Amino acid sequence: MLGEILTAIVTPFKRDGTLDLERFRALAAFLVDNGSDGLVVTGSTGESATLSDGERFELYEAAVDEVGDRATVVAGTGTYSTEHSVHLTERTNELGVDGFLVVTPYYNKPPQRGIVAHLEAVAAATDRPVVFYDIPSRVVVDAEPGTISRLAEIPNVRAVKQAKPSLDAARHVVACGLDLYAGDDDLVLPFLEVGGVGGVCVHTHVVGPRVKEMITRFREGDVEGARALDEELRPSIELLRVQSNPIAIKKALQLLGHEVGGLRLPLVEADEDETAAIRDCLERLGLLAAVA
């Protein structure tokens with residue numbers, strides 16, 4: 001529906017902290033040229049919590065204009081306020097995006113029926129596909145199987161991005177008739193093996209072609225080849241664990257020559273030790289040597 005690999009794109013900033021739309025466009029084109037079937041714009045990797053509504057809309061428009069003719073654009077419009085999420089979705093729906101990513105409301109810890117009511121309200125604001133984002137490590141609340149079943153009854157809730165390792169939960173998503181996307185990059189292959197579509201990934205900023213090849217090998221029946229490639233990609237998973245996302249991936253992009261700028265507080269730049277660890281991961285992936 002939306003593609004196998006959706007990269008949750010970082011948001012580039014200029015030295016003064018404002019959006020760098022030129023660099024954003026360049027990165028969007030690079031990602032689509034290197035394995036991404038689509039982009040998720042203003043996810044947590046895009047530092048959505050620090051963006052104004054106006055900045056969000058500028059990014060959506062730029063993404064649609066730059067790559068919308070050859071890739072899908074999914075807007076992350078979920079917040080902890082249903083009213084705000086509906087407003088963002090209604091406005092963004094007019095900009096030509098292909099779908100929406102809506103996270104479990106964070107901080108206020110709604111009950112399971114509150115999650116369903118939230119998704120019902122947001123989904124009613126668009127006729128386009130909605131991807132539910134289940135990420136208990138960041139939002140605290142874990143979406144239960146019964147909740148996923150109820151979400152599957154909402155006509156345009158079409159997929160789940162699951163960022164928890166439970167294969168039982170993943171199988172339930174598939175059994176409900178929803179597209180399953182890995183929300184953690186090390187879950188792409190395990191989720192493919194239980195019927196998943198692919199992943200909403202961060203490591204594909206730097207290893208997109210290899211992740212695409214891994215999925216292709218799996219689809220063609222070369223499961224052992226896919227597993228071997230998955231193992232080869234281990235350093236890209238280690239890279240993401242150096243520091244909170246997107247600190248590490250932004251530093252990795254900088255080391256590889258992509259001018260994506262810094263981060264907005266409360267996120268801070270990778271320090272010397274973290275940078276060394278990120279560089280080591282890139283070297284083991286053969287990426288720095290290739291650039292040199």
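Q: Buried means under 20% relative accessible area, exposed means over 50%, and partly exposed covers what lies in between. Is Arg284 buried, partly exposed or exposed?
A: The structure is a predicted model, and in it Arg284 has a relative accessible area of 42%. Because this value falls between the cut-offs of 20% and 50%, Arg284 counts as partly exposed.

Q: Which residue forms a salt bridge with Arg284?
A: Both partners lie in helix α13, which covers residues 272-284, and they stand four residues apart, about one turn of the helix. The side chains meet at 3.0 Å, N to O, and the partner of Arg284 is Asp280.

Q: How many residues apart in sequence are the parts that Asp186 and Arg241 tie together?
A: The side chains of Asp186 and Arg241 meet in a salt bridge of 2.7 Å, N to O. Asp186 sits in the loop between β7 and α8, whereas Arg241 sits in the loop between α11 and α12, so the parts tied together are separated in sequence by 55 residues.

Q: Is Arg241 buried or exposed?
A: The cut-off for exposed is over 50% relative accessible area. Arg241 has a relative accessible area of 60%, so this residue is exposed.

Terms used. Residues are numbered from 1 along each chain as its sequence is written. This is a predicted model: local features need pLDDT of at least 70, side-chain atom pairs count only at pLDDT 80 or more; totals for chains, interfaces and linings use all residues. Side-chain values use heavy atoms; hydrogens and water are left out. A salt bridge is a side-chain nitrogen of Lys or Arg within 4 Å of a carboxyl oxygen of Asp or Glu. Helices (H or I, at least four residues) and strands (E, at least two) are DSSP runs, numbered from the N terminus. Buried means under 20% relative accessible area, exposed over 50%, partly exposed in between (1.4 Å probe, protein chains only).
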